[in-house]
Amino acid sequence: MQSTNSGYTLRCFTCKSVNDERETSTYCTKCGSVLTVDYNEVRKEIQYPIENIIPDPLKNHYTALRRLDRLSEMYGTELYAKLENENPTGCFKDRGSYIEVLKALELGVDAICLASTGNMAASVAAYARYFKIPCYVFVPEKTPQTKIAQATIYDAIIVKIKGDFRTCEELCREFAKTGNYYLAGDYVFRLEGQKSFCYELLEQGPIDYDYIFVPIGAGTNFAAIHKGFQEMIAAGHEIKMPTFVAVQPEQSSPVVEGIFKKEKIIADQVHTMADAVAVANPFDFYKVLTIYEENNSLALTASEDELLECMKEMSVEEGIFTEPACAIPLATFKNNLDTFKGKKCLLVLTGTGLKSTHIVAKYSLSSPVLSPKIERVQQYLESGFPEIQKKSWGQSRDMFMGNVNMDEEHARLYEEYVSSCNKKGKTLKQEEIKALKSLVYNEEKDLEYPVEVLDYKLTMRMHGLVSAAIKLKLPNGEEIVSLDQGVGPMDAIITAIKAETDAFIPLEVKKHEVEILSPDTDSLVIVSLTLEKEDYIFTTKAASPDTLEALIQAFVKGLAVANKALVA
Ligand SMILES: *Cc1c(COP(=O)(O)O)cnc(C)c1O
Ligand SMILES: [Zn+2]
């Protein structure tokens, strides 16, 4: 794609006053509104606000434009998708980062800083590192680890902040003033970079779409694509301006709500699995609103369940695995089929699903670990579990395991767990029920317990060792109290039990993991122990709202498994 530059002015979107890019590329210094780039000339090629433009060094191919054949047939529409996940870091943000980083180079800054929900962090970090500029990224604490990891490999300095994206943005803006830093983000130069979407599209076929669906966070990409089309039309390209469809998750929709109220809404907090669009304070809201009014756009939302359903649908019908934000176009399309039937629609699929595997893991059932015996494999395949696993996607989670044929033993085990939780005054939440059922399903039945823990008492001191007194029932029926010490409560308990049991069942703890299922203090806790008896290594798990009780159960279970292996 050819690009040129004819010179430009940085103009305020609202009061139209001219701003100096050495002073600001974020807000108008006169009125505080957002800025826009006005080119001095109209040109056929894409124009960038960069003096000496060089081709994007990280990208040498266009992102694919795909006709979604199966979905088109299913819904009686011409559905197309532009696969923006094919950009260098897996997200359309690269189009903007390329220009922002070139601008930072041009301005001769010492470093770049930005706040991000994850994708922009990885993207700016990649370009900054290529051009050897240090890069600081401010991310909310809840940012998916994959996205942070991606920024880390590009040597970004990660500043993880307690708070949401908005908190990060405000803090980063303050940080930018503490040095000769370029503040990257959803600002005016990024928008210019993201226009390249339109020019690529032009080279991929006629632009004659009735509708274009754009998932919105800050609204910058929506405004960028619209500006690209506008500049192309002004330059005499034969394209039809599509009707824009601004789409957001129902649970995080300040832009859509703001459009209907005709004023900017800043949400208190936003919470959606589509983390890439979880933006409470949409920077480019007024650009989106203006486009909405002039373009006769639509503004639509979809629920979290609908996002899950559409993520799945695009994967199985078209083989396209995207992150949840990119499921919003298909979900809103399906919610308004009457409007879109028979039309030509373009879905902007903004980012890859490979960074969101945690969502897939969270909303599908994990597979049990089987002992390596063909009978066990057969039994597993016949248990109904794989079918349930397939069907479980996107359904309410307490349904999942309820449908597996749990045999009597397992059903009894499950009841025991639930009643022991209830005795402690704890009601199980959906997530906890799911985890518990899956744990029980994996349990070996007809285990004989050689040792029982009847009671325990810990004495803890701030700076000293922890002492444990454990009342045990041994295989010969004898009840004894074992006393020992450890560096913490877990260590003290295990040491005290082992003091009595090592003599007849030698068992070592190789690894222990504690999984806390909810943020509440009474959360169900799952303790997993990797245990070794001579050369035999195995894992046991137990659940309880009390971590130490789960630990004791898991270890005692380990003794039972080891004992069985010893006998066998
Ligand atoms: C950033 C992002 C969006 C939202 O784009 P805005 O320009 O903030 O409106 C949508 N999808 C993905 C995958 C993103 O990373
Ligand atoms: Zn202004």
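**Salt bridges, burial and a pocket**

Mentor: Let's start with a pair: Glu293 and Lys262 meet through their side chains in a salt bridge, at 3.5 Å from N to O. Bear in mind that this is a predicted model, where local features need pLDDT of at least 70, side-chain atom pairs count only at pLDDT 80 or more, and totals for chains, interfaces and linings use all residues. Residues are numbered from 1 along each chain as its sequence is written, chains are lettered from A and ligands numbered from 1 in the order in which they are written, and side-chain values use heavy atoms, with hydrogens and water left out.

Trainee: What makes Glu293 and Lys262 a tie between separate parts?

Mentor: Glu293 sits in helix α10 (residues 285–295) and Lys262 in the loop between α9 (254–261) and α10, so the pair joins parts 31 residues apart in sequence. Helices here are DSSP runs of H or I with at least four residues, strands are E runs of at least two, and both are numbered from the N terminus.

Trainee: How do you know whether Lys262 is buried or exposed?

Mentor: Buried means under 20% relative accessible area, exposed over 50%, and partly exposed in between (1.4 Å probe, protein chains only). Lys262 has 51%, so it counts as exposed, while Glu293 has 42% and is partly exposed.

Trainee: And what about Asp208 and Lys344?

Mentor: They form a salt bridge too, with the closest N and O atoms 2.6 Å apart. Asp208 is in the loop between α7 (196–203) and β12 (211–215) and Lys344 in strand β15 (residues 344–349), so this pair links distant parts of the chain, 136 residues apart. Lys344, at 16%, counts as buried, whereas Asp208, at 32%, is partly exposed.

Trainee: How many salt bridges does the rule give?

Mentor: The count comes to 38. Some share partners: Lys59, Lys82, Glu84, Arg95 and Glu200 are joined into one network that way.

Trainee: Why is His226 called buried?

Mentor: Its relative accessible area is 6%, and the cut-off is under 20%, so His226 is buried. His226 lies in helix α8 (residues 220–234). Leaving aside neighbours within four places in sequence, His226 is in contact (heavy atoms within 4.5 Å) with Met241, Phe244, Ile291 and Asn295.

Trainee: What makes an open space a pocket?

Mentor: On a 1 Å grid over the protein atoms alone, a pocket is an open set of points where a 1.4 Å probe fits, with protein on both sides within 12 Å along at least five of seven lines; lining residues have an atom within 4 Å of a point. The largest pocket has a volume of about 1,600 Å³, the space filled by probe spheres set on points joined across faces, edges and corners.

Trainee: Which residues of its lining lie nearest the centre?

Mentor: Of 46 lining residues, Pro368, Val369, Leu439, Asn442 and Glu443 lie nearest the centre of the largest pocket. The largest share of the lining, seven residues, comes from α19.

Terms used. Salt bridge = Lys/Arg side-chain N within 4 Å of Asp/Glu carboxyl O.
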